[in-house]
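Open the model in your viewer and keep the selection tool handy.

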Amino acid sequence: IINVLVVGRSQSGKTTLVNSLKDTAYASYLTGFSDTVNVTHHPLVVRDKSNDKYYQINLIDTIGLGEASRDSAS
């Protein structure tokens with residue numbers, strides 16, 4: 001079992017990456033808003049053809065990390 005935690009800023013493509021790995025036909029349409037509101041777990045099973053072993057990869061998609069505002073409020 002391999003656990004992969006996908007972490008990054010909001011709107012950086014974390015969910016798009018996870019969805020693309022789950023489904024190679026996935027197409028993303030940018031909305032301009034972050035859709036991820038909860039941490040989600042996506043198990044994948046992959047096969048290594050060289051040794052005929054199977055592995056479970058747990059992709060853990062997280063919400064975007066908060067960023068400090070760059071606005072200079074006076």
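Buried means under 20% relative accessible area, exposed over 50%, and partly exposed in between, with a 1.4 Å probe and protein chains only as cover. This is a predicted model: local features need pLDDT of at least 70, side-chain atom pairs count only at pLDDT 80 or more, and totals for chains, interfaces and linings use all residues. Residues are numbered from 1 along each chain as its sequence is written, and side-chain values use heavy atoms, leaving out hydrogens and water.

Start by selecting Lys 14, in helix H1 (residues 14-22); helices are DSSP runs of H or I with at least four residues, and strands are runs of E with at least two, numbered from the N terminus. Which side chain of opposite charge is nearest to Lys 14? That is Asp 61, 5.8 Å away, and the buried Lys 14 has no salt bridge (a side-chain nitrogen of Lys or Arg within 4 Å of a carboxyl oxygen of Asp or Glu). Lys and Arg count as positive, Asp and Glu as negative, while His and the chain ends are not counted.

Now show the backbone of Gly 8: its oxygen lies 3.4 Å from a polar side-chain atom of Lys 14. Leaving aside residues up to four places away in sequence, Lys 14 touches several others, among them Val 6, Thr 62 and Gly 64; contact means heavy atoms within 4.5 Å.

Next, pick Gly 13, in the loop between strand E1 (2-6) and H1.

Finish at Tyr 55, in strand E3 (residues 53-61). Tyr 55 is partly exposed because its relative accessible area is 30%.

Technical notes. A polar contact is a pair of N or O atoms within 3.5 Å; within protein, one must be able to donate a hydrogen and the other to accept it, and residues adjacent in sequence count only if both atoms are side-chain atoms.
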